[in-house]
Amino acid sequence: RVRVLLNKICPENLKTIVDLLADIELHKAEELELVIRIIFGKALAEPHYCKTYADMVFALSSRYPKFPPEREGEKGQNFTRVLLNTVQEEFENLPT
């Protein structure tokens, strides 16, 4: 469903898409990670909508739940943490 919504994104319908994405219930941190990876992949594939994706990520950052740590001593997962981890992994995988 996330991909279907992202296929329709444009600056004019950003608020609607954000609302629909935020309405998707996430029950586990892994589901949040999957949603963010899909969003990040689409943003990389469609640089002409870079500002729209940036605005979308900013809007979604406060709309998804925070998930508690899976193990003691770990940090919980929230939208911003998962997004930063995704960006870092992508950066580290760039060819040198």
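In this predicted model, E30 is found in helix α3, and at 39% relative accessibility E30 counts as partly exposed. Although E30 and V82 stand 52 residues apart along the chain, their C-alpha atoms are separated by 9.7 Å.

Helix α3 itself has 17 residues, and the span from its first C-alpha to its last is 24 Å, close to the 24 Å expected at 1.5 Å a residue. Its buried residues are A29, L32, V35, I36, I38, I39, F40 and K42, and these buried residues pack against α1 (2-6), α4 and α5. Leaving aside residues up to four places away in sequence, K42 touches L6, N7 and Y53.

Helix α5, which covers residues 79-92, has 14 residues and reaches 20 Å from its first C-alpha to its last, close to the 20 Å expected at 1.5 Å a residue. Within α5, the residues F79, V82, L83 and T86 are buried. Seen down the axis of α5, these buried residues fall within an arc of 100°, so they line one face of the helix. The buried residues of α5 pack against α3 and α4, whereas the face turned away from the buried side carries the exposed residues L84, F91 and E92.

R81 also lies in helix α5, and with a relative accessible area of 31% R81 is partly exposed. When residues up to four places away in sequence are not counted, R81 touches K75 and G76. R81 and L26 are 55 residues apart in sequence, and the distance between them, C-alpha to C-alpha, is 16 Å.

Turning to helix α2, which comprises residues 14-22, the buried residues are L14, I17, V18, L21 and A22. Viewed along the axis of α2, these buried residues fall within an arc of 130°, so they line one face of the helix. The buried residues of α2 pack against α1 and α4.

The place of K51 is in helix α4, where K51 is exposed, with a relative accessible area of 60%. K51 and C10 are 41 residues apart along the chain, and their C-alpha atoms are separated by 10.0 Å.

| Residue | Relative accessible area | Class |
|---|---|---|
| E30 | 39% | partly exposed |
| K51 | 60% | exposed |
| R81 | 31% | partly exposed |

The remaining topic is the largest pocket, which has a volume of about 190 Å³. Which residues line the largest pocket? The lining consists of I39, F40, A43, L44, P47, C50, Y53, A54, V57 and L83. The elements that give two or more residues to this lining are α3 (29-45) and α4 (50-60). By residue class, the lining of the largest pocket divides into 10 nonpolar residues, with no polar and no charged ones.

Key:
Residues are numbered from 1 along each chain as its sequence is written. This is a predicted model: local features need pLDDT of at least 70, side-chain atom pairs count only at pLDDT 80 or more; totals for chains, interfaces and linings use all residues. Side-chain values use heavy atoms; hydrogens and water are left out. On a 1 Å grid over the protein atoms alone, a cavity is a set of points where a 1.4 Å probe fits but cannot get out, and a pocket is an open set with protein on both sides within 12 Å along at least five of seven lines; lining residues have an atom within 4 Å of a point. Grid points are joined across faces, edges and corners, and a volume is the space filled by probe spheres set on the points. Helices (H or I, at least four residues) and strands (E, at least two) are DSSP runs, numbered from the N terminus. Ala, Val, Leu, Ile, Met, Phe, Trp, Tyr, Cys and Pro count as nonpolar, Asp, Glu, Lys and Arg as charged, and the others, Gly among them, as polar. The expected span of a helix is 1.5 Å times one less than its number of residues. Buried means under 20% relative accessible area, exposed over 50%, partly exposed in between (1.4 Å probe, protein chains only). The arc is that of the directions from the helix axis to the C-beta atoms. Contact means heavy atoms within 4.5 Å.
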